[in-house]
Amino acid sequence: MEKSELQDPFEEARVNRGYGEMNDQEDPVVMLLRHKDVRKSAHNYKTFMSGATPGRIVVPSEVNIRDTRQVPFEMDPPAHGKFRALVEPWFKRPLQSEYQEQLKEQIYTAIDTVLSKDTVEAVNEFSLPVQSHALTLLLNIPFSEAETWISWGTHVFRSEETALDGDKAAILYDYIDEQIERAIQHPGEDLYSVLLASEVEGRKLTKEEVKGVMILTFAGGRDTVINAVTNSIAYFAEHPESLERLRNEPEIIGNAVEELMRYFSPLTQMGRVVTEDTQVCEHAIKADSRISLCWASANRDASVFEKPNEVVLDRKINPHVSFGFSHHNCLGATHARQIMKTLLTALAEKVDSIDILDYKENIEDLDEFQRKVGYERINVKFNRLMK
Ligand code: EMZ
């Protein structure tokens, strides 16, 4: 098997039953595995809600390590739409050319740095700094602030010891509280200040709501982006011909980004809480239980994607759900896509080949299923393209 391969552990259950089951901290989850069911249920917020107890729609559940509601992620229409409309323009800033120039500078510098080293542990020495530096642009705060976030490691809620580390989470919450106080004292042009100044339904956002947007921004776009970047490195290490192709046909880079996002599915699933007794795939689901929308499985559904387990770099029709689906689709998607586009462009322009030296995979334990989402660590050597 190729080292960069990401297998589909859901196929049999998806085809035969359409759902899987996992016991997440004594609060079971029925995982919807088919593309059609996933999309239909993402749309149906009346039966499958997001506005449950904070942390409960996340799998693994974060109810024991978080009280703050993430905004607008853990809300339902119509309130969801008002908060979403408020933050949406800010999260579209990655479309601006100045933003793209700065991102390009960051990523090209990162590539130059790894090209000058003998070996690089890509997760901690490449993907994490790339993600954190890019986040300074999304928040519109000084570049140097990224050092603090890099020191937290790849995941804000997970530590080496445990998947849900309350002490670690507290570091993020305290940090955000401090930043909110700073922005109140010294308002600037950063996201905290902008949120504190904005209004919804004729009133200012509360500190708790601002905190909710900020936790989402920090947590939601962290390991997901890191996995997408690291998986890209591993993929191109094993497929130098794909890098060559991007060099010769840069016009397919947009398609390639979407296809890699489909193939990687950096976020395996997202939950919902069921509001009324219902059924999916002829399986009865009780009110107040949990389901999940398994993006990673939907993205390999052979009834939608031809050759689902292959990376078809220029795939034309690609209704993948890696950024979710419907009104909750990923707020950070514009930023993430811009990172990926810039990364692929830089790799094609500067890198001849990448050697994988050794690695440890990051495997998610979903009871019935084991899914590789990326790497705990991967040592590589980047080789410069000689022109
Ligand atoms: C939540 C989630 C959002 C959650 C789109 O995903 O990402 C997870 O990584 C976080 O742990 O709190 O933000």
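1. A polar side-chain atom of Glu62 sits 2.5 Å from an oxygen atom of the ligand. An N or O atom in the side chain of Gln70 is 2.7 Å from an oxygen atom of the ligand. From the backbone, a polar atom of Ala219 lies 3.4 Å from a ligand oxygen atom. The protein covers 88% of the 340 Å² of accessible area that the ligand has on its own. A polar contact here is a pair of N or O atoms within 3.5 Å; within protein, one must be able to donate a hydrogen and the other to accept it, and residues adjacent in sequence count only if both atoms are side-chain atoms. Accessible areas come from the Shrake-Rupley method with a 1.4 Å probe, and for residues only the protein chains shown count as cover.

2. Basis of the values. This is a predicted model, in which local features need pLDDT of at least 70 and side-chain atom pairs count only at pLDDT 80 or more, while totals for chains, interfaces and linings use all residues. Residues are numbered from 1 along each chain as its sequence is written, and side-chain values use heavy atoms, with hydrogens and water left out.

3. Ligand shell. The residues around the ligand are Glu62, Arg66, Gln70, Phe73, Phe157, Leu216, Ala219, Gly220, Asp223, Leu267 and Met270 (a residue is near a molecule or strand if one of its heavy atoms lies within 4 Å of it). By class, this shell has six nonpolar, two polar and three charged residues. In this classing, Ala, Val, Leu, Ile, Met, Phe, Trp, Tyr, Cys and Pro count as nonpolar, Asp, Glu, Lys and Arg as charged, and the others, Gly among them, as polar. Helix 9 (residues 207–220) gives the most to the shell, with three residues. Helices (H or I, at least four residues) and strands (E, at least two) are DSSP runs, numbered from the N terminus.

4. Helix 10. Helix 10 (residues 223–238) has 16 residues and reaches 22 Å from its first C-alpha to its last, close to the 22 Å expected at 1.5 Å a residue. The expected span is 1.5 Å times one less than the number of residues. Of the 16 residues, 14 are buried, so helix 10 is largely enclosed by the rest of the structure. Buried means under 20% relative accessible area, exposed over 50%, and partly exposed in between (1.4 Å probe, protein chains only).

5. Five strands form an open sheet of mixed pairing, in the order 1-2-10-7-3. Strand 1 and strand 3 stand at the edges with a single partner strand each, so one side of each is left without a neighbour in the sheet. Two strands pair if DSSP finds at least two bridges between them.

6. Strand 10. Which strands pair with strand 10, and in what sense? Strand 2 (residues 29–32) runs parallel to strand 10 and is joined to it by four bridges; strand 7 (residues 270–274) pairs with strand 10 in the antiparallel sense, also over four bridges. Arg290 of strand 10 stands opposite Val29 and is the bridge partner of Val273. Ser292 in strand 10 is the bridge partner of Gly271. In a regular strand the side chains alternate between the two faces of the sheet. Both faces of strand 10 (residues 290–293) are covered, with Arg290 and Ser292 buried on one side and Ile291 and Leu293 buried on the other.

7. Cis peptide bonds. Val71 and Pro72 are joined by a cis peptide bond with omega about 0°. Another cis peptide bond joins Pro77 and Pro78, with omega about 5°. Pro72 is in the loop between strand 3 (48–49) and helix 3 (79–91), and Pro78 is found in the loop between strand 3 and helix 3.

8. Positive phi. Gln25 has phi near 50°, a positive value in a residue other than glycine. Gln25 is in the loop between strand 1 (19–22) and strand 2 and counts as partly exposed at 37% relative accessibility. Asp367, also not a glycine, has a positive phi near 60°. Asp367 is in the loop between strand 11 (351–366) and strand 12 (369–384), and at 41% relative accessibility counts as partly exposed.

9. Ser198. Ser198 is in the loop between helix 8 (191–197) and strand 5 (199–200). Ser198 is buried, with a relative accessible area of 16%. A polar atom of the Ser198 side chain lies 2.8 Å from the backbone oxygen of Leu195.
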